[in-house]
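Me: I would like to go through a structure with you, one topic at a time. Please keep the answers plain.

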Amino acid sequence: MVAPAWWPYRTPPRDVLKNCNHFGNMKRNSNEEKSPSSKSIRLNSPSEGQQPCKIPMAEMATTMAPESPMPAPDNQNEQSASGYEVQAPAGSAMRAAFNRFKQRKSDLSDVLDLRVSEGSRTDESPIFECRPLLGDFEGLPEVCHGLRPYNEWTITTFPSRPGLFVINDAFEPSSHLNWLRSAIGEYSQPPNPTNVNLTGEAGEKYALEAVRWATLGFDYNWTTKEYPDVPRAPLPVEFTDVANCVTNAVGLGEFHADTAIVNYYPLKARLSPHVDRSERDHSQPLISLSFGQSAIYLTGGVSADDEVLPIMLHSGDILVMAGTQRLVFHAVPQVLKTRTFSPPVGLPSDADFTSVVAYANTHRINITLRRTLPS
Ligand SMILES: O=C(O)CCC(=O)C(=O)O
């Protein structure tokens, strides 16, 4: 799978990005935007036969950026999960964790940050295991669209949560702004439906700051909680390619994503606990890509009272929910300002990334790649 010639130049400049002409080249150079990692540590206790793997050490910013107000369905900050089919009841473990971690001053010491954590937290039963992609890359689709080469991937699995995978820092740092640029300049634009333009009609005027979600492929109906029988449009090729690279790399084989929901989070936004159950075939995974600012992500169980694991997701991280983890409760109680993006270097002098960089510094974007149809 080779990156199409237009990547990353496909998106024609739109009003919102009218000053952004080029993204620049995707190769790394010494001045590029750095991933939040500067040193590596060795994980404790790799399983037998596994190579110990190195995890980059995150540099978490200590200062919080000013928070931006935004419209939200049920209160000023929270993206209600009422549009999803199943929500966590009041009083459940998931709801309690959500209420705890939505507090800005909550103690984050038990949030698992895979970029800094030293392997297991208990000697007997590791919470997570981490390994490079297993040896032979033959047969895997060729990586593209800003993904790092497979030999740089670190795959984290969770013995008590089979089917949950995290691939930290999976995208080249230089590609993050390009993904953000596509999310704001393309995915959130007509003809794709969004919360501020439900029909995806061209010519609608709205502030980018008000966009909270966009749907692509089979457009999710937030009221009926169903997908239509036919797609409105094919998914962008970068979505289907990345989804297929990821499922192959974690051992799930071929995956043909047909649907995506893009969530746009200002710093104050959160997404309340829910289960994604509306897709017709739950044997198919759900793949989540994160860009921009970081988030606390809560992963629970099929019961809202099951144990909840808080994980930090950073820009460039990928999370996969499959198997026993496909229908678990999950939530995003808090977005954290952890990094500062700067304009890419080496661009033509007329290229202006100001609006993308400003957005990246004050928002998180999450793209979930799904399959709605049975395969
Ligand atoms: O933003 C995230 O990391 C999770 C998004 C999510 O749960 C969803 O779209 O169903």
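This is a predicted model: local features need pLDDT of at least 70, side-chain atom pairs count only at pLDDT 80 or more; totals for chains, interfaces and linings use all residues.

Me: To start, is Ala358 buried or exposed?

Reply: Ala358 is exposed, because 11 other C-beta atoms lie within 10 Å. Residues are numbered from 1 along each chain as its sequence is written.

Me: Which helix is Ala358 found in?

Reply: Ala358 belongs to helix 4, residues 354-360. Helices (H or I, at least four residues) and strands (E, at least two) are DSSP runs numbered from the N terminus. The C-alpha atom of Ala358 is separated by 9.3 Å from that of Thr340, and these two residues are 18 apart along the chain.

Me: Now the whole protein. How many helices and strands are there?

Reply: The protein has four helices and 16 strands. Of its 375 residues, 48% are buried. Among contacts between residues at least 6 apart in sequence, 76% join residues at least 24 apart; a contact here means C-beta atoms, placed from the backbone, within 7 Å.

Me: What is the strand order in the open sheet of eight strands?

Reply: The order is 5-6-7-14-11-16-9-8, with antiparallel pairing. Two strands pair if DSSP finds at least two bridges between them. Strand 5 (129-132) and strand 8 (213-217) stand at the edges with a single partner strand each, so one side of each has no neighbour in the sheet. From one strand to the next the twist averages 20°, where axes are lines fitted to C-alpha atoms (for helices, over the stretch in contact) and angles run from 0 to 180 degrees between N-to-C directions.

Me: How many bridges join strand 8 to strand 9?

Reply: Five bridges join them, and the two strands run antiparallel, with strand 9 covering residues 259-266. Across this pairing, Ala214 stands opposite Val262, and Trp213 stands opposite Asn263.

Me: And how many residues of strand 8 are buried?

Reply: Five of the five are buried, so strand 8 is largely enclosed by the rest of the structure.

Me: Which strands does helix 2 touch?

Reply: Helix 2 (residues 173-187) packs on the sheet and touches strand 8, strand 9, strand 11 (286-292) and strand 16 (363-370). Its direction makes about 100° with that of strand 11.

Me: What about helix 3, where does it lie?

Reply: Helix 3 (residues 237-249) lies across strand 7 (164-167), strand 9, strand 11, strand 14 (318-321) and strand 16, at about 115° to strand 11. Ten of its 13 residues are buried, including Phe239, Val242 and Cys245. After helix 3 comes Gly251, whose phi is positive, near 90°.

Me: How far apart are the end C-alpha atoms of helix 3?

Reply: They are 18 Å apart, which agrees with the 18 Å that 13 residues should span at 1.5 Å a residue. The expected span is 1.5 Å times one less than the number of residues.

Me: Changing topic, which residues are around the ligand?

Reply: They are Ile261, Asn263, Leu271, Asp276, Ser288, Ala295, Tyr297, His330, Val332, Asn366 and Thr368. A residue counts as near if its C-beta atom, placed from the backbone, lies within 6 Å of the molecule. Strand 9, strand 12 (294-299), strand 15 (330-336) and strand 16 each give two or more residues to this shell.

Me: Which strands pair with strand 12?

Reply: Five bridges join strand 12 to strand 15 in an antiparallel arrangement, with Ile296 opposite Gln334. Strand 12 also pairs with strand 13 (residues 309-313) in the antiparallel sense over five bridges, and there Tyr297 stands opposite Ile311.

Me: Which way do the residues of strand 12 point?

Reply: Ser294, Ile296 and Leu298 point one way, and Ala295, Tyr297 and Thr299 point the other way. Six of the six residues are buried, so strand 12 is largely enclosed by the rest of the structure.

Note on methods: Two residues are in contact if their C-beta atoms, placed from the backbone, lie within 7 Å. A residue is buried if 20 or more other C-beta atoms lie within 10 Å of its own, exposed if 12 or fewer, and partly exposed in between; C-beta atoms are placed from the backbone.
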